[in-house]
Amino acid sequence: MSTQRVFVARLVGCAVFDPAGDRLGKVRDVVVIYRKDDPPRVVGLVVEIPGRRNVFLSIGRVTSIRAGQVITTGLINVRRFQQRGGEVRVMAEMLGRKVYFTDGSGEAVIEDVAIERDRLGMWDIGQLFLRKPKTSGSPFAKGPTTFADWQDVREQQSPGEAQSAEQLVATYSELKPADLANTLLDLPDERLLEVAEELSDGRLADALEEMPEDDQVHILEALGDERAADILDQMEPDDAADVLAQLPEDQREELLELMEPEEAEDVRALLKYGPDTAGGLMTSEPIVLSADSTVAEALALIRRHELHPALAAAVFVTLPPYETPTGRLLGTVHFQRMLRYPPHERLGAIIDETADAVPATASAAEVARMLASYNLVSLPVVDQAHRLVGAVSVDDMLDYLLPEDWRSHDGDETPKPAAGRARR
């Protein structure tokens, strides 16, 4: 697959369209975050919508950038753009910066930046368009220009300058969410909150999902309601529901109002169930397909890199609609079973009829027994009308069964189950 490359200076001013061809606004800037060893990653665009309001468009909502236009999924958060810590605006902050060539050949100024899309659909900074110092004494002369990769230049840091939170975030860029969570919790509280401010919403959400709920609440409250709502939007619905369940009702409702309506609706649905039930443990976003869908279509869905492995182990076949709560659950098709059939085979023909579902009101103990008895990694959860409302995965169950302080145990020490309910 060839690499797609777009220069930011040419992208600015381009129109942004929804899938139906309606114009939503125009691009004003590109937002990136720095990483330790790799080029900065694009996280979104600053888009001017009618009313001269600048809003943030996540790069995940962008389906195409080409021919002077940007195509989106049609979903834009119309809340006014506020730059987060750790985020850098290419046009406003990077262009004009002085950089030094790592081979010692001198310095240059950034005049344009190319962003490139990789085979996984991620956008990173690729080439830089640089202007070197002029060599002529003429006041009208300009220095020569050149292209360079991000790895071929560096930005100067003053000797003895303390490492900024932005630089600290860059050193954490390769950590897995669980390791990042532990690293953050080891920091002094003031430094922890400073670094949390610098992390992108998605990265911080991933780390919070790996923390005890008391720490989640502490960090979100320190960041303020607007930022907290943005982070809750990025969290898995069941994890967001766990956090909100720890808050007073008025504060919980205020955050739900600030969240994206679709995300808030999923979280509200989970908050209706008791914490010790299948409904309280489940995620409301399993993979759902129709009986007419093919094996090829199902495999394409579970290949998505952002999908949790436990949820990718099976797809659930239902009658329409295909978003929870769905139509009546017809059955489950496990990943291993799909591999035994040709790509064109219909899912309805290979449903595992022996797989049972659990009601949303089922106890956590019943869910654990079923997962263990049938060696499953996920289990469908249904309501009284046998509509699919979610799925409980084995990692959800482990989080429930382990004590709250399980992360602090040494590797060769066996934690003892806590009396009563531990965190999910």
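This report walks through a few local features of a predicted model, from its nonpolar cores out to its loops and surface.

Let's start inside. The largest nonpolar core has 52 residues, and Leu184 and Leu232 are the ones that touch the most other members. Apart from that core lies another one of 36 residues, including Tyr34, Val62, Met94 and Ala108. Nonpolar side chains tend to be buried together in soluble globular proteins.

Leu232 is one of the buried residues of α8, along with Arg227, Ala228, Ala229, Asp230, Ile231 and Asp233. That makes 7 buried residues out of 10 in this helix, which spans 225-234 and is mostly covered. Where does the cover for the buried residues of α8 come from? Among the elements that supply it are α5 (189-198), α6 (201-208), α7 (213-223), α9 (237-244), α10 (249-258) and α11 (261-271). Leaving aside residues up to four places away in sequence, Leu232 itself touches Leu220, Ala240, Val243, Leu244, Leu255 and Met259.

Is Glu323 buried or exposed? Glu323 counts as exposed because its relative accessibility is 65%, and the cut-off for exposed is over 50%. Glu323 and Val288 are 35 residues apart in sequence, yet their C-alpha atoms are 7.0 Å apart in space.

## Around β18 and β19

Asp383 is in the loop between β18 (378-382) and β19 (388-393). With a relative accessible area of 18%, Asp383 is buried, since the limit for that label is under 20%. The Asp383 side chain reaches the backbone nitrogen of Ala385 at 3.0 Å.

His386 is in the β18-β19 loop as well. His386 has a positive phi of about 60 degrees without being a glycine, and at 27% relative accessibility it is partly exposed. Asn375, in the loop between α15 (364-373) and β18, is another non-glycine residue with positive phi, near 55 degrees. Asn375 is exposed, at 69% relative accessibility.

Val377, Val394 and Leu398 make a nonpolar surface patch of about 210 Å². Val394 belongs to helix α16 (residues 394-401) and is partly exposed, with a relative accessible area of 32%.

Notes:
Residues numbered from 1 in each chain as written. Predicted model: local features only at pLDDT ≥ 70, side-chain atom pairs only at ≥ 80, totals over all residues. Heavy atoms only, no water. Helix = DSSP H or I, 4+ residues; strand = E, 2+ residues; numbered from the N terminus. Buried < 20%, exposed > 50% of the residue type's maximum accessible area, 1.4 Å probe, protein only. Polar contact = N/O pair within 3.5 Å; in protein donor to acceptor, adjacent residues only side chain to side chain. Core = buried A, V, L, I, M, F, W, Y, C linked by side-chain atoms within 4.5 Å. Contact = heavy atoms within 4.5 Å. Patch = residues over 30% accessible without salt bridge, like charges linked within 9 Å, V, L, I, M, F, W, Y side chains within 5 Å. Areas by Shrake-Rupley, 256 points an atom, 1.4 Å probe, with all protein chains shown as cover. Salt bridge = Lys/Arg side-chain N within 4 Å of Asp/Glu carboxyl O.
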